[in-house]
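Please open the model in a viewer and keep the selection panel at hand.

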Amino acid sequence: MMFTAAMFALAVAMLLVLVRLFAGPTLYDRVLALNSFGTVTVLLIGVVGFMTERPDFLDIALLYALINFVGTIAILKFFRYKDLGQGLPEGEDPASLQNGDSK
Amino acid sequence: MEAFIDIVLFGFLILTAIAIMRLRNLFAVVMLSGVFSLLSAGLFVVMDAVDVAFTEAAVGAGISTVLMLGTMAMTSREEKPPVHNRLFSFAIAVVVGAALIYGTTDMPPFGAADTPVHQHVGPDYIERTPKEIGVPNIVTAVLASYRGFDTLGEVAVIFTAGIAVIVLLHGRTRPARSADARKKGKDA
């Protein structure tokens with residue numbers, strides 16, 4: 001029963017995140033929405049695992065959380081530098097990272 | 001309850017697909033295709049194919065999102081309005097979809113144990129793995145022992161592809177940054 005309720009809550013959460021993803025309006029809304037959607041997927045897999053009495057799904061869910069984290073970092077890093085292999089561009093002040101402006 | 005999860009996931013999948021079609025902002029489309037992958041991965045987990053689901057999440061939501069962003073950085077962020085006839089594309093999509101759905105009517109029911117694929121060599125592996133290989137996971141026994149040469153060949157192919165990619169990318173870096181790039185290539 002508890003897992004059923006959790007499942008309904010997750011469905012609603014998915015819908016809300018999707019609305020944010022469709023509507024935008026800014027880039028960061030969508031990056032954050034994708035990240036949240038990954039988190040909801042992690043929870044979904046966990047709940048499905050417990051509901052079908054296979055708690056070992058939780059390990060898989062944890063791996064999803066790792067992928068989600070690395071993916072979000074990759075997307076954000078890409079937007080900052082237009083390249084994944086680089087550090088800060090020449091002559092750029094590391095402090096400019098703080099205000100989060102994007103080119 | 002499983003039916004409810006399936007309906008919800010498929011419903012969101014359709015919503016996402018429609019949104020991908022409607023939106024002209026390519027960044028949003030890339031994010032939505034990541035969500036599409038995560039939803040498919042969820043469906044695969046519900047269908048007990050956790051390994052497929054994991055590949056889908058890693059490749060679909062992880063790598064290909066970054067690759068598409070990389071492509072977008074070189075091109076435009078807005079999709080141009082289509083120049084060809086939309087009705088024609090829609091008709092092709094409907095015909096292909098109908099053909100695929102027609103194809104599924106010939107398939108055995110989901111999870112059936114008496115399909116030909118489970119009658120051929122499967123029982124043999126299940127019977128012989130504990131005696132011959134002695135590992136608890138039969139899939140591992142098949143991949144690493146019964147099909148060991150095949151797996152070795154696959155690993156060799158992936159290794160060659162990796163070397164080729166490193167060589168190509170290294171050749172493209174500018175001389176001023178080549179020391180940095182060499183380090184990066186090794187890390188990759």
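Select chain B and consider its contacts between residues at least 6 apart in sequence: 36% of them join residues at least 24 apart. Two residues are in contact here if their C-beta atoms, placed from the backbone, lie within 7 Å. This is a predicted model, in which local features need pLDDT of at least 70 and side-chain atom pairs count only at pLDDT 80 or more, while totals for chains, interfaces and linings use all residues. Residues are numbered from 1 along each chain as its sequence is written, and chains are lettered from A and ligands numbered from 1 in the order in which they are written.

**Chain B as a whole**

Helices (H or I, at least four residues) and strands (E, at least two) are DSSP runs, numbered from the N terminus. The C-alpha trace of chain B spans about 60 × 50 × 30 Å along its principal axes. The radius of gyration of chain B is 23 Å, whereas a compact globule of 188 residues would have one near 16 Å; the value is taken over C-alpha atoms, and the globule rule is 2.2 Å times the number of residues to the power 0.38. Of the 188 residues in chain B, 14% are buried. A residue is buried if 20 or more other C-beta atoms lie within 10 Å of its own, exposed if 12 or fewer, and partly exposed in between, with C-beta atoms placed from the backbone.

**A helix pair in chain B**

Next, select α2(B) and α3(B), whose axes come within 7 Å and cross at roughly 175 degrees. The two helices are therefore roughly antiparallel to each other. Axes are lines fitted to C-alpha atoms, for helices over the stretch in contact, and angles run from 0 to 180 degrees between N-to-C directions. Angles under 35 degrees count as roughly parallel, over 145 as roughly antiparallel, 65 to 115 as roughly perpendicular and the rest as oblique.

Show the side chains between these helices: residues of α2(B) including G34(B), S37(B) and L38(B) meet residues of α3(B), among them A57(B), G60(B) and A61(B). By class, this contact has 15 nonpolar, five polar and one charged residues. Ala, Val, Leu, Ile, Met, Phe, Trp, Tyr, Cys and Pro count as nonpolar, Asp, Glu, Lys and Arg as charged, and the others, Gly among them, as polar.

Centre the view on A61(B), in helix α3 of chain B. A61(B) is buried, because 26 other C-beta atoms lie within 10 Å. The C-alpha atoms of A61(B) and V35(B) are separated by 7.0 Å, although the residues are 26 apart along the chain. Leaving aside neighbours within four places in sequence, A61(B) is in contact with G34(B), S37(B) and L38(B), and also with G38(A) and G71(A).

Now select chain A, which has three helices and zero strands. Of its 103 residues, 25% count as buried.

Move to G71(A), in helix α3 of chain A. With 22 other C-beta atoms within 10 Å, G71(A) is buried. Apart from neighbours within four places in sequence, its contacts are A61(B), G62(B) and T65(B).

**The contact between the chains**

How many residues does each chain bring to the contact? Chain A gives 32 residues and chain B gives 29 residues. On the side of chain A that touches chain B, α1 (2-23), α2 (27-51) and α3 (57-81) each supply at least two residues, and α2(A) gives the most, with 11 residues. The residues of that side divide into 24 nonpolar, six polar and two charged.

Select α1(A) together with α1(B) (residues 2-22): their axes lie 11 Å apart and the helices pack at an angle of about 0 degrees. That makes α1(A) roughly parallel to α1(B). Here M7(A), A11(A), M14(A), L18(A) and F22(A) meet residues including I5(B), V8(B) and F12(B).

**The core**

Finally, display the largest nonpolar core, of 34 residues, where L21(A), M31(B) and V35(B) have the most contacts inside it. Such a core is a set of buried Ala, Val, Leu, Ile, Met, Phe, Trp, Tyr and Cys residues joined through C-beta atoms within 7 Å. Its largest share, 10 residues, comes from α2(B). End on M31(B), which is in contact with L21(A), R30(A), A33(A) and L34(A), leaving aside neighbours within four places in sequence.
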